[in-house]
Amino acid sequence: MIIEQHYDEEVLIGLLEEADHDSHVPGCETCAGTLESLRDLTGALRDNSVWDERQLSETPAPKTTNMLRAFAERTKAEDAAAAAIVPRLIAAPAMIEVHPEWRTAGVVRKLLGVVDEKNFSEPKVAADLAALAVEVAESIEPGLYPFDTIMKLRATAWRERAYATYYIGSFPESLVALEEADGRLSLCSVSEYEQARTVLVRALLYREIDRLDEASTLARRAKSVFRAYGDRRRAAMADSVEAMLLLRLRRFAEALPIELSLAGDSSLDQEMRANAFLDSGRCYKELGLLSQAKSAYLEAIRSYEALGLSARRAIARWGLARVFFVEGHYEPALTILQELRSEFGELGMAQDVALSALDVADVLLALGRPAEIADLCRASIAYFGKVGLAYSESAMTALAFLRESAERSRVTPSTVESVRTHFELLPKQPNLLFAFPA
Amino acid sequence: MSDPSTLEVNPVVPDSAMESSVLTQTPDVGMLYEQYRELLLHVACRKFRVPDSDAENLMQEVFLAYMQTEAKVENTKAWLVAAMCNASRHYWRTQARTESLPDDIHDHSDPVSHGLADRFAVMLTLRQALKYLQPRCRETLYLHYFEGRSAVDVARELDTTNRYAEKLIHNCLKRVREIYFSITSVRRPS
């Protein structure tokens, strides 16, 4: 019978400063644990606060307790009142002028709640409501609330405005809103956490305006604060933003470990993990690890399916189709891409209808069936004619060029690529004219 | 076939919906205040040397900030301790305009380091444990760990042999650890 032997406390204390030279401790969980606990204790003994002789009052101050309870009650009451006001205010924003009593923190909070709901379904509406929230917050009589409270309320409204305008691509407005939020938070005595939230939005914005290095620094700074505040979810969001920046910089080997860590973190919600699987798939693919890429995409597809996020599921399937294409498995790639075209059409994702059609064109070229590209273009032209987007005409011109090239048997991968480049720019520059390749 | 940016999925950053706010999570903020008051006072007064008379006001600011954060707070203790560090540093930044800072302001913990709340909790408990030690034991630990004196130095200070000073350091550490665990009721690793 083998009896496991451990060091006693005396020996471990002796090892406090030289455990690296010991052969037993690193492999023994029990001894390593005790040593770690001794290290924590001796570390604390080196701290001045442990030896501070000052006696502090042990009795909670009733004044503080009462003040905090009163604040909580007032907030709840304000929120309850705001629930009836906000729908009326949204229906007729000008009513704020005739109802000065509606200028409360509760109304601002409720408005911001609606902004949050609309950010992804009706982003323009969200931006307008965020502007209304800013207007109400800024018009509240400052003396009605503690100084930090009113400043943070205004800063929150500005930050939500910044995110909403960022989301709809109004980057200069978003930048202004971030400055306003930061200005108010800098006046507060306890605002580090809220500042980190603003920093994260700024990182997203900087990514869009190609200030990538600054964005990366900001994301790391925000993450560090979130971790200190025990906010794992936001720390993971900051990680995710940093990984996205690395993807944008095509630094896939650096992005992959971050994505895998997020994907494997069971404390995060399923959506965040699914996003991380999706991005891991992209990293694997770019690094030539195609088998792992497929597994990651399949995991993302499964998760999105479980969550009922059909648009995201479609994007994950798109990634999978691209891996099949790179592997030379053109038939399964074609099947998925053709399904995706109709799915994107049903979801109203016009740009993706076009881009997935261009991927189909690539596959048809690889399969030696270029003639079918003309029919594909006709269907896409009809789609853009029907949806009537701001950039429909430009889109149809580019697709018509591809169709004509196909009809003349002059389509090459670079022809498809030139049309793809045009489609990638169109949502940001709807008036962009298609430049016919020389 | 190159990957367009459309394959990127943005992390969902904003969530200001009040449904998940602290106010709906916490039934009674007064109880929270009573629960964490001692720890937060320890952080402000003993770690950051904020005068007692001002620490209570800082704590009010911290709890107001806590109630106002509309985000879901995952770890209340960590949040409050980190915010107390933030408030204490802000306090000294403001005071620096009218008076000099404490000499050891740079020794103060970096609030972004991880597990800060737990470390402060360890210190608070350890402080209690030290009160139960014999004065000679306390002095030994103070000289060796806080002042960083060697066993030889400790022996000289306590007027004893080097060998006995070493033994004293070990025994006192073991003793304070025992008391620490008896206070926290944390089971000692065997």
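Chain B has eight helices and zero strands, where helices (DSSP runs of H or I, at least four residues) and strands (runs of E, at least two) are numbered from the N terminus. Read from the N terminus, the elements of chain B follow the order α-α-α-α-α-α-α-α. The structure is a predicted model, in which local features need pLDDT of at least 70 and side-chain atom pairs count only at pLDDT 80 or more, whereas totals for chains, interfaces and linings use all residues. Residues are numbered from 1 along each chain as its sequence is written, and chains are lettered from A and ligands numbered from 1 in the order in which they are written.

The predictor assigns the complex an ipTM of 0.73 and a pTM of 0.74. For chain A the average pLDDT (the predictor's confidence in each residue, from 0 to 100) is 89, and 98% of the residues score at least 70. Within chain A, confidence is lowest in helix H1 (residues 9-14), with a mean of 82, and highest in helix H15 (residues 290-307), at 96. Chain B averages a pLDDT of 79, with 73% of the residues scoring at least 70. Over residues 105-113 of chain B the pLDDT is below 50, and this stretch has 15 contacts in the model beyond near neighbours in sequence, two residues being in contact if their C-beta atoms, placed from the backbone, lie within 7 Å. The pLDDT is also below 50 over residues 186-190 of chain B, a stretch with seven contacts beyond near neighbours in sequence. Where pLDDT is low, the predicted coordinates should not be read in detail.

The contact between the chains takes 85 residues from chain A and 71 residues from chain B. On the side of chain B that touches chain A, two or more residues come from each of helices H2 (29-47), H3 (52-68), H4 (76-95), H5 (116-131), H6 (135-146) and H8 (162-184) of chain B. By class, this side of chain B has 39 nonpolar, 14 polar and 18 charged residues, with Ala, Val, Leu, Ile, Met, Phe, Trp, Tyr, Cys and Pro counted as nonpolar, Asp, Glu, Lys and Arg as charged, and the others, Gly among them, as polar.

In chain B, 39% of the 190 residues are buried, a residue being buried if 20 or more other C-beta atoms lie within 10 Å of its own, exposed if 12 or fewer, and partly exposed in between, with C-beta atoms placed from the backbone. Of the contacts in chain B with a separation of 6 or more, 66% are between residues 24 or more positions apart. Not counting residues up to four places away in sequence, Met84(B) touches Leu40(B), Val43(B), Ala44(B), Leu58(B) and Val62(B).

Helix H5(B), with 16 residues, reaches 23 Å from its first C-alpha to its last, close to the 22 Å expected at 1.5 Å a residue, the expected span being 1.5 Å times one less than the number of residues. Among the buried residues of H5(B) are Leu116(B), Phe120(B), Met123(B) and Leu126(B). The buried residues of H5(B) pack against helices H2 (29-45), H3 (48-51) and H11 (212-228) of chain A, together with H2, H4 and H8 of chain B. In chain A, the 21 residues of helix H8 (residues 147-167) should span 30 Å at 1.5 Å a residue, in agreement with the 30 Å between its end C-alpha atoms. Because 19 of its 21 residues are buried, H8(A) is largely enclosed by the rest of the structure. Just after H8(A), Gly169(A) takes a positive phi of about 85 degrees.

Most residues other than glycine have a negative phi, and most peptide bonds are trans. Arg49(B), in the loop between H2 and H3 of chain B, has a positive phi of about 60 degrees although it is not a glycine; Arg49(B) is buried, with 21 other C-beta atoms within 10 Å.
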